Amino acid sequence: MLRKQAVFDRETFLTLPDLPSRLKLWGEDRELEDFLVKKAFMINPIPSSVARADGEVKIAVVGSGPAGLGSADELTRLGFKVTVFERDDRPGGLLMYGVPNIKLPKNIVMQKIEALQDAGVEFRLQTEIGKQVTFADLQKEFAAIIVCVGSTSPRRLKMIRDDAKGVYYAKDFLTYVTKEMFEQNTSVPADTAGKDVVIIGGGDTGIDCAAVAFAQGARSILQLELRECEMTGKTQDGFCELVSSDPTLSYGTILQDVLYDDNGFVKGVRIAKVEWISSASGSLPKPQLIEGSESEIPAQLLLLATGFTGPEPAVFSTFAFNKTPVGTIAKGSGYFDTSRAGVFAAGDARRGQGVVEWAFAEGRNAAVECAEYLHALKK
Ligand SMILES: Cc1cc2nc3c(=O)[nH]c(=O)nc-3n(C[C@H](O)[C@H](O)[C@H](O)COP(=O)(O)OP(=O)(O)OC[C@H]3O[C@@H](n4cnc5c(N)ncnc54)[C@H](O)[C@@H]3O)c2cc1C
């Protein structure tokens, strides 16, 4: 298990030999940490017109990611008694089980959670709404509910067999890595050490996976992205020039097939290069296969960082929410309300896959709308 410790620690990570420049940039980026430490819990959008509650009115927040934390913080400041329900064993959503520790040390997340607990917020962990507690239970106990369950349905790829071994969604892989850090469990099924690792998807989640695989001591890493670098918006600081000769990242590359051995273990991928061609009529460019560019790459671990399609189907059956055409929770007549009276939604579950800062803001603003709703009911 080469370099095991480096997986968890930014300082060690940055000293690793042969660290590709793009992963060095990734490791040096403290934007998210700065946001959490300096800004996330200081923003206060509460309009002066919103009346404070007296600490007796109970509100449930479902999900403890940044949207849930933003809601809990704002509601507490407004004088409500807040209980956050989280199905996982630790709070924080993707801040805990998503963003790797190298990028966002988990002690920072826990300090913020503890500050909320000190302010009176109760966290009920390993409690999934729809399983351990029903929606009807929540409605009986709480005056209002804010649902912040994230956008956690992974986008599936047709060529992945249902019984495939050695294939993981990025979120599951990153969760294993963080759990291993806490539990010191060395028999993690998704360990990349000594393996050839292929990552599908060139976005930030894919880069998180590439960094962790590098830190763990993967034998080789290849991250694939269908678009060209310039099409991904990652053009700041000469990023595209920087990565043009990086053998661990290949833009304009399509996954054609996944290759398995007789026992269903992934053993490689077939890929090809594409070029993006616009038609004469000026329509959006489309990828076209470059003839003769096909190749087979060995892989004993395949990580899918192909994004998310929306909240899980169970969210819609549990809460009986309406769904938007893009698969998120539909709003009611306000902004954060839903088709269910007294039930609000915020974060990635409502607005689609986004970033931490947006999710926090959504949670805070949903809390204000929820408070205004409850005050209006009293009149
Ligand atoms: C790997 C990865 C890395 C990222 N890195 C960055 C980054 O560096 N910077 C950035 O700004 N953004 C980043 N993002 C995006 C960012 O993390 C999300 O936009 C943000 O976390 C969304 O917040 P949320 O609260 O809406 O949902 P989430 O963070 O997904 O939290 C939802 C929570 O709800 C819980 N839950 C779901 N259903 C139930 C239920 N029925 N009962 C109880 N609990 C439930 C889940 O367990 C989860 O804890 C990253 C995303 C990923 C996947």
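At roughly what angle do the axes of helix α7 (residues 170–183) and α8 cross?

1. Basis. This is a predicted model, in which local features need pLDDT of at least 70 and side-chain atom pairs count only at pLDDT 80 or more, while totals for chains, interfaces and linings use all residues. Residues are numbered from 1 along each chain as its sequence is written, and side-chain values use heavy atoms, with hydrogens and water left out.

2. Helices α7 and α8. The axes cross at roughly 40° and come within 10 Å. Axes here are lines fitted to C-alpha atoms, for helices over the stretch in contact, with angles from 0 to 180 degrees between N-to-C directions. Helices are DSSP runs (H or I, at least four residues), as are strands (E, at least two), numbered from the N terminus. The two helices are therefore oblique to each other; angles under 35 degrees count as roughly parallel, over 145 as roughly antiparallel, 65 to 115 as roughly perpendicular and the rest as oblique.

3. Residues between α7 and α8. On the α7 side, Ala170, Phe173, Leu174 and Val177 make the contact, and on the α8 side Thr205, Asp208, Cys209, Val212 and Gln216. Contact means heavy atoms within 4.5 Å. By class there are 6 nonpolar residues, 2 polar and 1 charged (Ala, Val, Leu, Ile, Met, Phe, Trp, Tyr, Cys and Pro count as nonpolar, Asp, Glu, Lys and Arg as charged, and the others, Gly among them, as polar).

4. Helices α2 and α8. The axes of α2 (residues 21–28) and α8 (residues 204–216) come within 10 Å and cross at roughly 105°, which means that α2 is roughly perpendicular to α8. Arg22, Leu23 and Trp26 of α2 meet Ile207, Asp208, Ala210, Ala211 and Phe214 of α8. This contact has 6 nonpolar and 2 charged residues, and no polar ones.

5. Ligand. The ligand is surrounded by 31 residues, and the closest are Ala67, Glu86, Asp348, Gly354 and Val356; a residue counts as near if one of its heavy atoms lies within 4 Å. A polar backbone atom of Ala67 is 2.9 Å from an oxygen atom of the ligand, and one of Pro66 is 3.3 Å from a ligand oxygen atom. A nitrogen atom of the ligand lies 3.0 Å from a backbone N or O atom of Ile129.

6. Arg90. This residue sits in the loop between β2 (81–85) and α5 (106–118). Not counting residues up to four places away in sequence, Arg90 touches Met96, Tyr97, Leu125, Phe182 and Glu183.

Terms used:
A polar contact is a pair of N or O atoms within 3.5 Å; within protein, one must be able to donate a hydrogen and the other to accept it, and residues adjacent in sequence count only if both atoms are side-chain atoms.
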